[in-house]
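Okay, thanks for coming, everyone. I'd like to take a few minutes to walk you through the structure I've been looking at, so let me put it up.

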Amino acid sequence: MNVLTLLVEWFSDPAQWTGTAGIPARLGEHVYYSLLGLLLSTAIAVPVGLITGHTGVGGFLTTSLANFARALPTIGVLFLIVLLAGIGLVPVVCALVALAVPPILVNTHEGVRGVDPRLRDAALGMGMRGREVLFKLELPVATPLILLGMRTAAVQVVATATIAAYVGVGGLGRYIVDGQARQDLSMLLGGSVLVVALAVVTTLLFAGLRRLLVAPGLRAEAAAAR
Amino acid sequence: MIAADASGGVAALDWVMGIIDWAAANWSHPGEPDRGILPRLLEHMRLSYVSILIGLVIALPLGLACVRWSPVYPPVLTGVNVLYAVPSIALFFLMLPYTGFSDWTAIIPLALYTLVVLLPNVVDGLRQVPEHVRQAAVAMGFGPLRRLVAVELPVAVPVIIAGLRVASVATISMVSVASLVGLGGLGQLIVSEGFRRQFDAPIVVGIVLTVLLALATDTVLVIAQRLLTPWAHAGKGRLARKRAARAEAAAAGRDAAVGSGSTPDHPESP
C-alpha cells in the first residue's frame, strides 16, 4: 500500500471529476467559502486598521483584542455558533472571519503606524490634508504589510475551511471527513493533497498581487534593503 | 450571546452560571483520573509545550546555520513557509498511518509550524548583534562557542522570545484541532463532550480555558524575558522602552511590523 499509488489511483478515477461530489464542485465550494470569509474580514479589518493606525486612537485596544482573538480555538468558535445558530453557511463564515480579522487588522495598523514620520511631515508640508495623507501616502506605503497579513489570513482560511465539512457543509473537507468515516485512506489523502495545493496556489497568488499592487518605488526600495 | 433574543441580562447571567456550575461539577473525578476538565487541560499543556520546545530546539541550530551560511537561508525559509501552508488537520491525518494515536501525531506537525515564526526571529535576532559587540567579544579572547552562548544569544533573546510568544499562542489554539483526529486536549472537550452531544457548556469551557492558557503562557514568557535581559530595564527608560518596542514589533512577527523589507518573507519562487 504505497501512499503515492493510492493517490494516483484516486485522482485518475474519472468518477472523481464529475457531479456534485466531484473534485471541481468541491473545489468550487471551498474557494467560495474561503473568498467569502477573506473578503468579509478584509472589509472589516482594513478600514479599522487604517483608522486606528492613522489617528492612533484605540490602537492599543484593537491590537490587544486582535492578539487575544488569535488565541481563540477556531473549532470551538465554529461549533459554538453552530449550536447557537444552527447548521449552514453563517457559522462557517463567522468562524473564518474570527480567524482572518486579527492578522489583517494588526498588519494594517502596524503598517500605517510604521510609516516614516519624515514622509508624513513631507506630505503635510506639501499641503495634503489628513485624508489625503492616509490614502495617498500611508495606504500605499502600508500595502506590502497589509498584503502579508492578508496572505497569512488567506492560507489559514483555506486550511480551516476544511472544518466546514464537520458541520455538514461542503468543500474539500468533505473528502477528509468522509474518508475518515469510511476508513478510506485514499480519499482522505486525496482531500488533504487538494487542500495543500490550494493553499500553495493562494500563497503564489499573493506573490502576484504584491507585484501588481505595491508601488514600483516601494518595491525598488525593498529590493535595495535586501 | 444566547441572550440576544431572550429576555435580556437575566437569561445571560443564568447561562453563564449554568456553565460555571457544569465546569465546577466536572472539573475532575477523584475515582477516574482520566475524566473531567483538568486532565484535558494538562494534556493540552503537554501537547503544546512539547511542540514549542521541540520547535525551539530545531530553530536554534537551524537559525545559527542560516546565519553562518547565509545562502542557505532563503531556500530553508521558503521550505518552512510551504510547510506552513499545509493545513494542520490535513497534516494530522497524514501523520496517522505513521504515528497512530500517539502524542507525536500532534506534536510533529505543531513543532514544524512553530518554525515559520521561530526561524526568522532567531536569524534576525542573531543578525542584529552589533558588529562592535562581536568584535569586543573576540578581542576579549572569546572563542566562537563562548561568544555565541555568552554574547550573541543573550543579545538575541528579546527577538527570540518575541517569536516564542507568537508561536505559543498559535500552537495553543491549534492543539484543539488535533481532537478532530481523536487526540486529547481541550479540543476533546469541545468536540466529543460539546459538539457531538449538542451541549454548549463544554465548548465554552474549552474556549475559555484555551484562551486563558495562551494568556498565562504569554505572561510567563514576558516575565522570562525580563529576567533574562535585566540590562534592558536598568535605567535609561527611554532607550530600553525603544528596544522593547522594537522587539515587540518583531514579535507581531513574521506577519507584522518589519516594513523595511528585512524579513525575507516572500516565497515567490517555491
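Predicted model: local features only at pLDDT ≥ 70, side-chain atom pairs only at ≥ 80, totals over all residues.

B:L212 sits in helix 9 of chain B.

So what is B:L212 part of? Together with B:V208, B:L215, A:L61, A:L65 and A:F68, B:L212 makes a nonpolar surface patch of about 550 Å².

Okay, zooming out to chain B. You'll find 10 helices there and zero strands. The chain has 270 residues, and 50% of them count as buried. If you take the contacts in chain B with a separation of 6 or more, 72% come from residues 24 or more positions apart. As for the surface, chain B exposes about 12,700 Å², with 68% of that supplied by carbon and sulfur atoms.

B:Q198 isn't a glycine, yet its phi is positive, about 55 degrees. You'll see B:Q198 in the loop between helix 8, residues 186-195, and helix 9 of chain B. Is B:Q198 buried or exposed? Exposed, at 55% relative accessibility.

Over in chain A, have a look at A:Q183, another non-glycine residue with a positive phi, near 55 degrees. A:Q183 lies in the loop between helix 8 (173-181) and helix 9 (185-213) of chain A. A:Q183 is exposed, with a relative accessible area of 71%.

Methods
Residues numbered from 1 in each chain as written. Chains lettered and ligands numbered in written order. Heavy atoms only, no water. Helix = DSSP H or I, 4+ residues; strand = E, 2+ residues; numbered from the N terminus. Buried < 20%, exposed > 50% of the residue type's maximum accessible area, 1.4 Å probe, protein only. Contact = heavy atoms within 4.5 Å. Areas by Shrake-Rupley, 256 points an atom, 1.4 Å probe, with all protein chains shown as cover. Patch = residues over 30% accessible without salt bridge, like charges linked within 9 Å, V, L, I, M, F, W, Y side chains within 5 Å. Salt bridge = Lys/Arg side-chain N within 4 Å of Asp/Glu carboxyl O.
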